[in-house]
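I opened this notebook to record how the parts of the chain are put together. The entries follow the order in which I looked things up.

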Amino acid sequence: MGVYNFDLEVNRRGTDSMKWDVADNELPMWVADMDFQTAPEIRLALAKRVEEGVFGYTDVSDDWYEAYINWWKNRHGLEISKDWLMFCTGVIPAISSIVRKLTTPNEKVIVQTPVYNIFFNSIVNNGCRVSESPLRYEHGEYSMDFEDLEEKMADPQASLMILCNPHNPVSKIWSKEDLARVGELAAKYGVTVISDEIHCDLTAPGKEYVPFAGVSDTCRDVSITCVAPTKAFSIPGIQTAAIFVPNPFLRHKVWRGINTDEVAEPNVFAAHAAVAAFNQGGPWLDELREYLFDNRRRVEEFVDAQIPQLYVVRGDATYLLWIDVSALGIPSDVLAGQIRQSTGLYLSAGTAYGACGKDFLRMNVACTRATLEDGLSRLLAFFEK
Ligand SMILES: Cc1ncc(COP(=O)(O)O)c(C=O)c1O
């Protein structure tokens, strides 16, 4: 029995929650947003700000830098220098700003698909083209296709890559060897790598992710890393993130970019939430990871036993399950629509993550066990019908 109660149901209907703005009979297990209250320590820090009652313009304090530096050093074994770090209002605001600043129109930005769908918006909405390097999917497992990646990097129009580390939606923790090869190729072809590490704290208990910038001097020099406490600590609506860039030339570019785009300043809650999360949220996070990975195992076992025509891709990171529905021969956007229509269970269609996601559904299991069981019953009911 843990200290924190992840079984506590918080009714989010009618609260302007993007996730829960669905019909009464519907159960949302789509967008990457957790149903849990955040850590009590973070709630207290935010309550203190409310209590002060004056919501003025806010600076990023030394505490903020130290919180990130200590967390990455102690949790992830990476030494971050204070001068590498910048506040940003979100990982996507950071990525979009970096795409704008580091590319000229019509250049190509490489992504490894299936991948977090909003990367496509950050690329296309800023006048660039998506260069897809599909991941390999063999025997139920994903890996990078380095031959294809090299071909994409060698394209003189490719100047940037967005790496997802760990990878949403396939839940993969990339190895040091994989990341080193990405860095070598990027350096060889003059490609800058944005490493989106927003899911890095949501690994299975006992498993660690590998920070891209820490893999080698080469990776460090080509990298721009985006991190945040938002996914792991259930505070995505607070809009608080950070970017760290060891290479001084790239750092200057990124810094000018986010300032020009006005996404470099925190609101009155943003920095305080991050400080409380990293300085005090560790024990809560460790219990959360146990809970999330029990949820993950539950879905894997349930689907194996009850719906064997589906296969849950095994993964060591994120609370997002990638479910192979290829045996059904129905495109996943059609299937997701049928499941929603017939049972109210709202899953994400894999097609959103690139064409190679057409045989997959994505399920968010960052919910109470009771909600999870409801979701599984609905899924089973659909297949029994
Ligand atoms: C890989 C990845 N990057 C970024 C985001 C969103 O980040 P932010 O809310 O800080 O813009 C998400 C949200 O699901 C994500 O999965």
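Entry 1, domains. I took the domain bounds from an automatic or database domain assignment. That assignment gives domain 1 as 27-40 + 282-384 and domain 2 as 54-280. I noted that the model is predicted: local features need pLDDT of at least 70, side-chain atom pairs count only at pLDDT 80 or more, and totals for chains, interfaces and linings use all residues. Residues are numbered from 1 along each chain as its sequence is written, and side-chain values use heavy atoms, with hydrogens and water left out. Taken over C-alpha atoms, the centres of domain 1 and domain 2 are 25 Å apart.

Entry 2, the interface. I counted contacts as heavy atoms within 4.5 Å; 32 residues of domain 1 touch 34 residues of domain 2. For buried area I used the accessible area (1.4 Å probe) that two parts lose on being put together, summed over both. The two domains bury about 2800 Å² between them, with 57% of it on carbon and sulfur atoms. On the side of domain 1, the residues that lose the most area to domain 2 are Arg 289, Asp 316 and Tyr 353, together 21% of what that side buries.

I took a salt bridge as a side-chain nitrogen of Lys or Arg within 4 Å of a carboxyl oxygen of Asp or Glu. This rule finds two salt bridges between domain 1 and domain 2. I also looked up Arg 75, which forms a salt bridge with Asp 286, their closest N and O atoms being 2.9 Å apart.

The salt-bridge rule gives 23 in total. Among them I looked up Glu 26 with Arg 340, where the closest N and O atoms are 2.8 Å apart. Helices (H or I, at least four residues) and strands (E, at least two) are DSSP runs, numbered from the N terminus. Glu 26 lies in the segment before strand E1 (27-28) and Arg 340 in helix H11 (residues 332-343), so the pair links parts of the chain 314 residues apart.

I treated two strands as paired if DSSP finds at least two bridges between them. Four strands make an open, antiparallel sheet in the order E11-E12-E15-E14. At its edges are E11 (311-312) and E14 (348-349), each pairing on one side only. E14 and E15 run antiparallel and are joined by two bridges; Ala 349 stands opposite Leu 361 in E15.
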